Amino acid sequence: MKIPALFLTLALGTSAAFPQAATQTARNESLKQEVRLSVERGLNFLRAKQNPTTGQWGDSEPVAMTALGIISFMLDPNRKSGDPVPAEVEKATKYLVSQARPDGGIFTKARGNYNTAIALTALLLNNKPENEQVMLNARRYLVRCQVDLDEKGKQDNPLDGGIGYGDEKGMHADMSNLTFALEALYYSQSLLADKGDAAKNEPQLNFSAAIDFIQRCQNRPETNKSSWVSKDPDDAGGFIYNPSETRGAKVTNPDGSVALRSYGSISYAGLLSFIYAGVDQNDPRVKAVIEWLQNHYNPDENPGLGAAGLYYYYQTMSKALSIAKIDFIKTKDGRTVDWRADIAQKLLSLQKGDGSWSNTEGRWMESDPVLTTSYILMALGRIHQRL
């Protein structure tokens with residue numbers, strides 16, 4: 001089994017997905033040093049919170065939390081090429097493998113896709129030959145999580161093509177869970193690189209159906225005829241949670257119809273999903289979401305949701321803009337913003353004395369400092385790569 005040598009630095013960070021970025025000279029050296037010091041303090045916080053017996057982080061969703069912890073350590077900008085894998089990561093990796101199920105899922109009680117997707121991504125970053133079968137099984141599990149309701153093989157249900165938390169009935173799908181799954185599948189394709197004909201028998205996601213699901217979550221009337229699609233230009237190109245449900249605002253139109261407003265974190269997830277699903281950078285759907293994201297760039301809040309989901313927003317933003325190779329944001333008022341420096345400074349200002357980060361708005365578990373600290377360490381690790 002071979003994993004590309006650049007996988008560690010490119011996965012979850014700056015891939016070659018969109019080549020429009022110009023080569024940049026080194027800059028912000030002082031800020032980069034601050035970021036490295038901040039990351040070390042954050043990792044020390046995580047070290048203190050790791051269960052010394054099991055190697056896990058967290059008691060609620062321990063598989064996902066442990067996987068996020070692994071990713072945080074593996075993206076540490078203080079690590080040098082050739083450095084050994086941190087002991088914390090080795091212990092946490094053993095915990096993830098211990099939670100693997102016969103059907104390929106890696107989780108404790110529920111939310112099979114959510115936990116398995118993040119776990120597979122973490123295992124790929126600390127790739128070990130002895131864990132190859134666990135990773136392949138997890139990959140197959142994620143493919144089976146894709147929703148296909150009503151008549152099989154037809155896009156006849158709004159949820160078709162999507163992926164949800166991984167409940168047994170498969171009656172849920174959303175952009176956040178789909179993005180995590182697409183990410184794991186995108187990078188785990190490398191597991192098949194040296195398998196020759198055997199790789200042809202590996203199950204593959206129905207990417208056409210996934211792309212159809214993604215566009216059904218986009219506020220873009222040209223490609224989405226759903227009744228909820230907003231006619232307000234301010235929403236054009238952005239995303240909502242799933243084809244019929246939002247976590248953002250709803251607006252009643254003069255004719256009595258209800259429009260669902262686009263919001264920040266899930267719009268970055270939409271951009272990521274398009275990239276992972278192989279949609280070209282010149283596709284109008286991709287251009288539309290990038291334009292929405294630039295028009296709504298905000299380092300202080302999750303556009304449309306305020307403080308809710310703010311730390312998930314930061315990590316999704318840093319991943320999406322890095323992978324899309326967008327180095328500068330052109331805002332609606334005409335400014336050109338070095339988003340990496342801007343967001344890095346914001347995140348450094350939010351760090352607490354013990355090295356952690358946490359959100360005063362506790363929605364989606366963001367009052368848990370292990371979760372939010374992992375989110376921010378992942379964001380800073382990606383930002384540092386091209387700061």
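**Salt bridges and burial**

Biologist: Why does Asp-333 count as exposed?

Modeller: Its relative accessibility is 56%. Exposed means over 50%, so Asp-333 qualifies. Bear in mind that this is a predicted model.

Biologist: What makes Asp-333 and Arg-335 a salt bridge?

Modeller: The closest N and O atoms are 3.3 Å apart. The cut-off is within 4 Å, so the pair counts.

Biologist: Why is Arg-335 called partly exposed?

Modeller: Its relative accessible area is 45%.

Biologist: Why are Arg-340 and Asp-327 called buried?

Modeller: Arg-340 has a relative accessible area of 0%. Asp-327 has 5%. Buried means under 20%, so both qualify.

Biologist: What makes Asp-232 and Arg-261 a salt bridge?

Modeller: The N to O distance is 3.7 Å. The limit is 4 Å, so the pair counts. Asp-232 lies in the loop between helix 8 (207-215) and strand 1 (250-252), and Arg-261 in the loop between strand 2 (258-260) and helix 9 (264-276), so the bridge ties together parts 29 residues apart in sequence.

Biologist: Why does Asp-232 count as partly exposed?

Modeller: Its relative accessibility is 33%. That falls between 20% and 50%, so the label holds.

Terms used:
Residues are numbered from 1 along each chain as its sequence is written. This is a predicted model: local features need pLDDT of at least 70, side-chain atom pairs count only at pLDDT 80 or more; totals for chains, interfaces and linings use all residues. Side-chain values use heavy atoms; hydrogens and water are left out. A salt bridge is a side-chain nitrogen of Lys or Arg within 4 Å of a carboxyl oxygen of Asp or Glu. Helices (H or I, at least four residues) and strands (E, at least two) are DSSP runs, numbered from the N terminus. Buried means under 20% relative accessible area, exposed over 50%, partly exposed in between (1.4 Å probe, protein chains only).
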